[in-house]
Amino acid sequence: MNNTWQEIAELFQKELKELYPSAEINELFSLTVEHLCGKRSNQLHLIKHEQPTPKASAETEHILAQLKTGRPIQHVLGYAHFYGHIFEVSEHTLIPRPETEELVHLIRQDSKSKQALNCIDIGTGTGCIPISLAKCMPQHQYWAIDISKEALEVAKRNAQKNEVDIQFIQMDILEWDLAFASDLKFDIIVSNPPYITTLEKADMHQNVLAFEPHSALFVEDSAPLLFYDYIGDFAKEHLTPEGHLYFEINQYLADETAELLSKKGFNNVQIFNDINGAKRMIRANAPS
């Protein structure tokens, strides 16, 4: 590949146009260059007439070949950026997404001035939620659970790399009543559980369907709020009186999710929109 970076950018557009819109291809190219050269998107003009080194050229060719299969760029590179930090990802974990950054930011704004809270993340995946919170609020204690042993191995490595202390537990949240002592209480319970119905698969990109763990994404159409129901029951038993429950939610079931929590006795149940205007987060106060 004896091309300049500008010519390689054009090649990305040509080879990937059947899979992605032009703006997304530009982002894929920018992430590739940043990975290989350390240049951010606003610096690409500095090198556009330069040729990559032979090693960088070979790696670029490999990355492009992987992207042409639909494989997500984060899986190709082996990591994702999230809330200012770098997280290892694998086929056993969801790729951290910007919407979840907004959930982390909401919790941070609510809790940054408080001392010594107990926080638990349910269905932690890469560990991006508790690790990001621990980086900016180290005064709190953090737990994280996931049903997947492989996901927890990734999360543990991410915690080590980001130098934070998280207590990880492998378990199925649907069996929460068997795993936690009744006197163990949390001030913050947060979860981004599976919430996409199988009917919504048709609208999803192939790189999600083919490469990300379905167990972390999908629920049966007949029980779309299954995990919210169980986690809500867990929170009724284990949330402190002044505590908060936070969820990332299916935008199409936001009102139903809020109603479910209200019926369980949670107070001040609030729906928050994400940056795109979608109903994406819920915060609820502990039942009276």
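This note comments on the fold, the packing and a few individual residues of the structure shown above.

1. Basis of the note. The model is predicted, so local features are described only at pLDDT of at least 70 and side-chain atom pairs only at pLDDT 80 or more, whereas totals for chains, interfaces and linings use all residues. Residues are numbered from 1 along each chain as its sequence is written, and side-chain values use heavy atoms, with hydrogens and water left out.

2. Overall composition. The chain contains 10 helices and 11 strands; these are DSSP runs numbered from the N terminus, with helices (H or I) of at least four residues and strands (E) of at least two. Of its 288 residues, 49% count as buried. Buried means under 20% relative accessible area, exposed means over 50%, and partly exposed lies in between (1.4 Å probe, protein chains only). The chain exposes about 14,200 Å², of which carbon and sulfur atoms supply 47%; accessible areas come from the Shrake-Rupley method with a 1.4 Å probe, and for residues only the protein chains shown count as cover.

3. Contacts along the sequence. A contact means heavy atoms within 4.5 Å. Among contacts between residues at least 6 apart in sequence, 64% join residues at least 24 apart.

4. The seven-stranded sheet. An open sheet of seven strands runs in the order β5-β4-β3-β6-β9-β11-β10, with mixed pairing. Its edge strands are β5 (167–170) and β10 (267–273), each of which pairs on one side only. The twist averages 15° from one strand to the next. Two strands pair if DSSP finds at least two bridges between them; β4 and β5 run parallel and are joined by four bridges. Within this pair, Asp-146 has Gln-170 of β5 as its bridge partner.

5. Helices on the sheet. Helix α6 (residues 128–136) lies across β3, β4 and β6, and runs at about 170° to β4. Helix α7 (residues 149–161) packs on the sheet and touches β4 and β5, its direction making about 175° with that of β5. Axes are lines fitted to C-alpha atoms, for helices over the stretch in contact, and angles run from 0 to 180 degrees between N-to-C directions.

6. Nonpolar cores. A nonpolar core is a set of buried Ala, Val, Leu, Ile, Met, Phe, Trp, Tyr and Cys residues joined through side-chain atoms within 4.5 Å. The largest has 29 residues, and Ile-173, Ile-189, Phe-234 and Leu-245 touch the most other members. The elements giving two or more residues to this core include β3 (118–122), β4 (141–146), β6 (186–191), α9 (226–238) and β9 (239–248). Helix α9 gives the largest share, five residues. Setting aside residues up to four places away in sequence, Ile-173 touches Ile-122, Ile-145, Phe-227, Tyr-230, Ile-231 and Phe-234. A second, separate core of 27 residues includes Met-137, Ala-155, Val-164 and Tyr-246.

7. Cysteines. The structure holds zero disulfides, a disulfide being a pair of cysteine sulfur atoms within 2.5 Å. Cys-128 is buried at 8% relative accessible area, whereas Cys-136 is partly exposed at 26%.

8. The β1–β2 hairpin. Strands β1 and β2 pair in the antiparallel sense over four bridges, and His-81 stands opposite Ile-86 in β2. The hairpin has two residues between the strands. Tyr-83 is in this loop, between β1 (79–82) and β2 (85–88). Although Tyr-83 is not a glycine, it has a positive phi of about 50°. Most residues other than glycine have a negative phi. Tyr-83 is buried, with a relative accessible area of 18%.

9. The loop between α5 and β3. Ala-116 lies in the loop between α5 (98–111) and β3 and also has a positive phi of about 50°, although it is not a glycine. Ala-116 is exposed, at 57% relative accessible area. Lys-114 is found in the loop between α5 and β3 and is partly exposed, at 33%. Leaving out residues up to four places away in sequence, Lys-114 touches Gln-139, His-140 and His-244. The C-alpha atoms of Lys-114 and Gln-139 are separated by 8.5 Å, the two residues being 25 apart along the chain.

10. Helix α1. Ile-8 lies in helix α1 (residues 5–16) and is buried, with a relative accessible area of 0%. Its C-alpha atom is separated by 9.3 Å from that of Glu-61, which is 53 residues apart from Ile-8 along the chain.
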